[in-house]
Amino acid sequence: MLRSCVCLQRAGGGGGKRRSSSVEDASSCRSSEIERIGASMQTTTLGTNGQPQTLAPQPNTRASSLLQLFHRKGWCKHFRKPLRGMSATRVEKSIRAAIFIQKWFRRHQARQEMRKRCNWQIFQNVEYACEQDQAELYKFFNDLIKHMPQAAEAGNKSNSQRCSGLEKSGTLYEESGDMARIELTVPITKSHIDLLIDVFRKKRGNRLHPKYVCLILREAAKSLKQMPNLWMVSTAVSQQVTICGDLHGKLDDLLVVLYKNGLPSASNPYVFNGDFVDRGKRGLEVFLLLLSLYLAFPNAVFLNRGNHEDSVMNARYGFIREVEGKYPRNHKYLLSLIDEVYRWLPLGSILNNRVLIVHGGFSDTTNLDLIKSIDRGKYVSILRPPLMDGEALDKAEWQQIFDVMWSDPQASQGCKPNQLRGAGVWFGPDTTESFLKRHRLSYVIRSHECKPNGHEFMHDNKVITIFSASNYYAIGSNKGAYMRLNNQLVPHFVQYISAASQTKELSFKQRMGIVECAALKELAVRMREHRDELEEEFQKYDPDDSGCITIAKWCFVMESVTKLGLPWRLLREKLAPGTDSQSVNYIRTLDLLDTDVIMKAEADGTSVMDALYANKASLETIFNIIDADHSGEITLDEFEKAIDLLVAHMPGVYSKNEMLEKCRMMDLNGDGKVDLNEFLEAFRLSDLHRKEQQEEYLRKRSTTKSIISQHPSDSVTKLADKISKNMVLIEQDIDPTDCEAKDVGQRS
C-alpha cells in the first residue's frame, strides 16, 4: 500500500499511473498529499439554520481521487474493517502513521551514519597526525642537509660504519620457547608455502627458527636486488592479475585472500602494493610469507614498497617491537636483514604499459623515467637522508620517492603539500589527467588509505584505491578488498571481513559500540600528549574555577591544542559525559584522560621520542653532522656553530642561550666534550625525566582530586569501563574460511 502511495502522480489525471521518483520526491509527494487531504476531507460551513455543517469532499479534489484509487485498487482490504471500504479518517491516519515511521527510520539511519562518519574521522585524523609527527623527522633531516655543509661528509662516515646486512655474518643464538618443527631449504617451493601457512595460522608454536628467518630474508634480498625500480607486469599469459593493498600485519586477511583467490601461479599472478607490516600483531609472519611466495613463484608475485617499509616508521608503529618480542636474542641481526630487503623492494609496477600501481600516488613533478633510473639501494630509510660516499643528497630525486610513497588524491583541482600527513602531496583531477596523458596511461591503482568498503574510485574512475586489511581500526570498522583485472583491464572487486565469527553474534548496536570505543580510546591517547596544555587553556576561560566553560570555548580549546580538525561539538557528550547542553565540565574531560585504560593504552604506544631513540641510526646521523671535524666528539664550539645555523634557518621556541645550556647538560662526565654515548644517553634521560614529571603530576592531581571531588564522576567511570570491556579480544588460530565475502562486480 505504502509503495503504491509513493508512486502516485502529483497532478493532472494520469489515471493513477505510477511514476519513477527518488526517495526525496516520494517523501515530498506524500507530505503534500497529506496536507491536501486534511484540507479537503472535511469542509465546514454554516447551514441555513446557522449551525455548522460538514460538506462532503468534492469529487474532483485530489483527496477524492486518492480515496477512489484506494477503493478501485483494493488497498482497503489490507485493513481489518468489518464494513466494505474505509473511512477517510482511517486513510489519513494510516498514511500519517506510515510517514511517521518512515521519518523515524530515516532519522535513526542518519544518526547511525553520523556516528560512523564521526568515528571514521577520528581514526583517520589521529592516524594522520601521528604520521605527521614522524614526517617531521624527515623535514628536520632535510633542513640539516640544506643548511649545514658538513652534512654530506657526515653521511660518508655514518654510512661507512653501516655495511650491508647481506655482508654481515652474524651469530645466531638459540631462542627460548616453542619453535615450529619444520625445515626450509633453497629453493623455496609450494610445499614449503603450505608448511609455512600451516605454522603461521596457529596460535602457539608459530615461530620459525631464526636460521630459517635469515634464509628467507637473505634469499629475498638477493633476488629483489636484481629487479628494476618498476616491475613490468603483463596479462598476456595469465589473462588476469590480482592486486592487494595494505595488509599491515593482518595475517588473517592475507590467508583469506590466498584461500579465496588461490595461491600464485603463472595463471594467477599477484601484485602486493606495500605496507605489509606495522600496526597488526603478525607483521613478521605476513612479511616472511610474502617473501616466501615471491621466492617460490618469482614470475607470479610482485612486491611494491610502501611508506611503512621503513625502519623509522617501524620504530613508531610496532614492527620493531614485534621482532624484538618474538626473537629477543637475535632481533638486531634480523632487523638489519629486514632493512636490506626494504632497500631493494621495487617502487611500483606497470601493468600492460597502461596501468601504474604505486603505494601512494604522484605529484605534478613525478617523472617515471627518472624513477626508473634512481639507485633505490641507497634508500634504506626514506625518512632518513641517504648520504653515500660523501655526496650530498639529490633532493629532487628523494622527493620523487616521497611523492609515490606518501601522496593522496583530493577532489579539488591542483597539487599541494599534504599538510595532514606531513609528507607527500594532495593531487587533484587535473594533476591525474596531466600525469596519465604524459605517460600514456589509462589509470592508476594505489593504496595507502583505509576505505570503509575496501576500495574507492576517484578522479572520474582514473584513480582506484585498494585496501586489503579488514577490521583495520577495530572489529567491524571496515571491509578489506582485493581486485582482479582481466586482459581488458576491467576491475572486479572482492570484499571480505576476516574473523567473522567474532562479530556475527553481535548486534549492530554492539558492533557500533566496539568501533566507537576504539575511536574514543585512540583520540584520548592522542589528547593525553597535550593534557597539561589542555588544562592550562581550560583554566584561562574559567577564572572562577567552577570547572565549567561554554561549549564554544571548550571546542576552541580542543581544536587549538590538538589541531586534529574533528567535530568537537558532536564529541562533547563522549569526552565530557554527563554535562548539560549549555556548558561543558572540562574536569570530566581531564578525568577521562587520567583513567587507567587510557594511561595503559598510552604506555603501550610509542612516542616520537621513543621511536627516535629506538632508531639510533637517526641520532647517529645528527651527531655526525654536528661533529664537523669527525673527531668522534662534539665540542661546545661545534654545538654553537650548529645552533647558529639552526636558529637562522629553523627558528624554534628556544633561544640560542637556552639551547647552549641544554648542550652543556649533555656533557655527563664534565670533560667539555660530548661523545656519541653521552649524546644518545641525553635523549634517553630527557624522555625518562619527562615521564617522571608526568607521573609526579598525576600523583599530585590524585591528591587534589581526593580533597575536592573524592572520585571521578560516575559517567566518566562508566565510559572508561565501557572502553576497557570493548577492547578485550580472544586470540585464536586463524581460519581463512571464517570470513564474510562478497563479489561487488566490475566497473569500467
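Arg531, Leu534, Glu535, Phe538 and Gln539 of helix α17 meet Tyr586, Leu590 and Leu593 of helix α20, where contact means heavy atoms within 4.5 Å. This is a predicted model, in which local features need pLDDT of at least 70 and side-chain atom pairs count only at pLDDT 80 or more, while totals for chains, interfaces and linings use all residues. Residues are numbered from 1 along each chain as its sequence is written, and side-chain values use heavy atoms, with hydrogens and water left out.

**Chain and confidence**

- The protein chain has 27 helices and 21 strands; helices (H or I, at least four residues) and strands (E, at least two) are DSSP runs, numbered from the N terminus.
- Of its 748 residues, 52% count as buried, meaning under 20% relative accessible area, with exposed over 50% and partly exposed in between (1.4 Å probe, protein chains only).
- Among contacts with a separation of 6 or more in the protein chain, 72% join residues 24 or more positions apart.
- Mean pLDDT for the protein chain is 78, and 72% of residues reach 70 or more; pLDDT is the predictor's confidence in each residue, from 0 to 100.
- Residues 1–60 stay under 50 in pLDDT, and the model has 80 contacts beyond four places in sequence for them.
- Residues 705–710 also have pLDDT below 50, with three contacts in the model beyond near neighbours in sequence.

**Helices α17 and α20**

- Helix α17 spans residues 531–540 and helix α20 residues 586–593; they pack at an angle of about 170°, with axes 11 Å apart.
- Axes are lines fitted to C-alpha atoms, for helices over the stretch in contact, and angles run from 0 to 180 degrees between N-to-C directions.

**Helix α8**

- Nine of the 11 residues of helix α8 (residues 251–261) are buried, including Asp252, Asp253 and Asn261.
- Gly262 follows α8 and has a positive phi, near 90°.

**Buried polar side chains**

- Ser238 is in the loop between β3 (230–233) and β4 (240–244) and counts as buried because its relative accessibility is 9%.
- A polar atom of the Ser238 side chain lies 2.7 Å from the backbone oxygen of Gln240; a polar contact is a pair of N or O atoms within 3.5 Å, and within protein one must be able to donate a hydrogen and the other to accept it, with residues adjacent in sequence counting only if both atoms are side-chain atoms.
- The C-alpha atoms of Ser238 and Ser267 are 4.1 Å apart, at 29 residues along the chain.
- Asn471, in the loop between β14 (463–466) and β15 (480–486), is buried at a relative accessible area of 11%.
- The Asn471 side chain reaches the backbone oxygen of Ser498 at 3.2 Å.
- Asn314 sits in helix α10 (residues 311–317) and is buried, at 2% relative accessibility.
- The Asn314 side chain reaches the backbone oxygen of His308 at 2.9 Å.
- Beyond four places in sequence, Asn314 touches Val277, Asp278, His308, Phe319, Ile320 and Tyr342.
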